[in-house]
Amino acid sequence: MEYKSYMADRVKNMKGSAIREMFKRMADPEIISLAGGNPASELFPGEELSKIAGKILMTNPTLALQYGTTDGYPKMRDCARQRAEKVNSVGENDAILIMTGANQGIDLTAKAVLNKGDKVIVESPSFIGSLNAFRTYECGLVGVTVEDDGMSMEGLEDALKNNDGVKFIYTIPTFQNPTGVTMSLEKRKKMLELASKYDVLILEDNPYGDLRFSGEDVPTIKSMDTEGRVIYAGSFSKILSPGMRLGYIVAPAELAEKIEMLKQVNDVHTPMLTQLMCVEFMKKYNIDSYIAKNRELYGKKCACMVENMEKYFPKGKVKWVTPEGGIFLWCECPTITDITPIVDRCLEKKVAIVPGSNFATDIFAPSNMFRLNYSSATLENIEEGIRRIGEVLTELL
Ligand SMILES: Cc1ncc(COP(=O)(O)O)c(C=O)c1O
């Protein structure tokens, strides 16, 4: 039986994430993965959370196992509010909704505002999960170049001027996925000004904001929004655990109401057990000191990666911007046009990296870039992985 003719147009041409595809090929335990986006599992508070989960199930099984409310367990909403208020990202007329990961929040926000044929302006490159979510609503993606200090503002103004039907700008201004770069304060202000001038919304996605290990914090775009134009997506994935699937959306109440209705259709509510676990964890422990440990580790791992890139990569052939936080490092090889042979050769040498084309608005266009992740591998594996990539780059560049 053939199934393509049964498939909806919106999914026919979707391409699975190369990262997930790569995971399938990575069953080989010898492969060093610098490809994923996993946080460091060595710091997961497994023991603390196992005690918390046991106590919840023993003392309050009904609350944990019964249906919950769609907007989230109220104390969990308070936890999300705390995180968002820490970066001044809750406005007077905003509501907070707990989401099953920020991913769901981004997807449902797009679902709430996009009609077929509408346009979304995105950083190019950008997070594949969000790009794929937008694609399913049959909208056009307009990519704007990411510079060393964030999205090009000239590019953004051109995109706004030359495209009808733009509903929102999607941005990951801090420690962007995949480039690791952070948008400057001036550009954040300019983005707000342009959004106002061209009357579009901004969806600010900030899962990595807490993970700064050098430099100074920059205010969120949401914190400077005076017109209620910014929808803010936050996540507990990179500061507690991605498997607990806890994220949130801060959005103007009128929009949040619609997003909540869509969530009800989508999964009714985020699992109660993990919401209760997070609430208890934040009550009993200082989540900021847990995050500080992660920051310190990521700073060390990033420094180790950069040091080895300087040692093993062929001189002058690879460009990168050293990140000040987050979990990704982005490399460009200006002397070639297509990174695919390098990625394949790396896999033969048992090291996995992600080709840049995965993060582009046009996934079929060749890219001379690749993304590295330093949060999940050990220091030894980072050094060995970079050494092997260095061998391949020296051979093929
Ligand atoms: C930029 C960006 N936004 C959102 C997400 C999704 O986060 P969550 O696990 O909360 O769904 C990720 C995950 O890697 C990400 O990199």
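Reader: Where is N294 found?

Author: This is a predicted model. In it, N294 is found in helix 12, residues 287-312.

Reader: Why is N294 called buried?

Author: Buried means under 20% relative accessible area. N294 has 2%. So N294 counts as buried.

Reader: Which residues is N294 in contact with?

Author: Leave aside its neighbours within four places in sequence. N294 is then in contact with L43 and L211. Contact here means heavy atoms within 4.5 Å.

Reader: What about N206: is N206 buried or exposed, and how do you know?

Author: The relative accessibility of N206 is 9%. The cut-off for buried is under 20%. Therefore N206 is buried.

Reader: Where is the place of N206, and what does N206 touch?

Author: N206 is in the loop between strand 7 (201-205) and strand 8 (230-235). N206 touches T174, T220, Y232 and A233, with residues up to four places away in sequence not counted. There is also S235, 29 residues from N206 in sequence. In space, N206 and S235 are 7.5 Å apart, C-alpha to C-alpha.

Reader: Why is helix 7 called largely enclosed?

Author: Count its residues. Helix 7 covers residues 128-135, and seven of the eight are buried, so the rest of the structure largely encloses it. Among the buried ones are I128, L131 and F134. N132 and R135 are buried too.

Reader: What makes Y3 exposed?

Author: Exposed means over 50% relative accessible area. Y3 has 52%, so Y3 is exposed. Y3 is in the segment before helix 1 (9-12).

Reader: How is the protein chain divided into domains?

Author: Domain 1 is 4-44 + 289-396, and domain 2 is 66-284. Their C-alpha centres lie 24 Å apart.

Reader: How many residues are in contact between domain 1 and domain 2, and how much area do the domains bury?

Author: 32 residues of domain 1 are in contact with 36 residues of domain 2. The two domains bury about 2800 Å² between them, 66% of it on carbon and sulfur atoms. In domain 1, E324, F359 and T361 lose the most area to domain 2, together 22% of what that side buries.

Reader: What makes R212 and E324 a salt bridge?

Author: The rule asks for a side-chain nitrogen of Lys or Arg within 4 Å of a carboxyl oxygen of Asp or Glu. The side chains of R212 and E324 meet at 2.7 Å, N to O. Across the interface of domain 1 and domain 2, the rule finds one salt bridge.

Methods
Residues numbered from 1 in each chain as written. Predicted model: local features only at pLDDT ≥ 70, side-chain atom pairs only at ≥ 80, totals over all residues. Heavy atoms only, no water. Helix = DSSP H or I, 4+ residues; strand = E, 2+ residues; numbered from the N terminus. Buried < 20%, exposed > 50% of the residue type's maximum accessible area, 1.4 Å probe, protein only. Domains from an automatic or database assignment. Buried area = accessible area lost by both parts, 1.4 Å probe.
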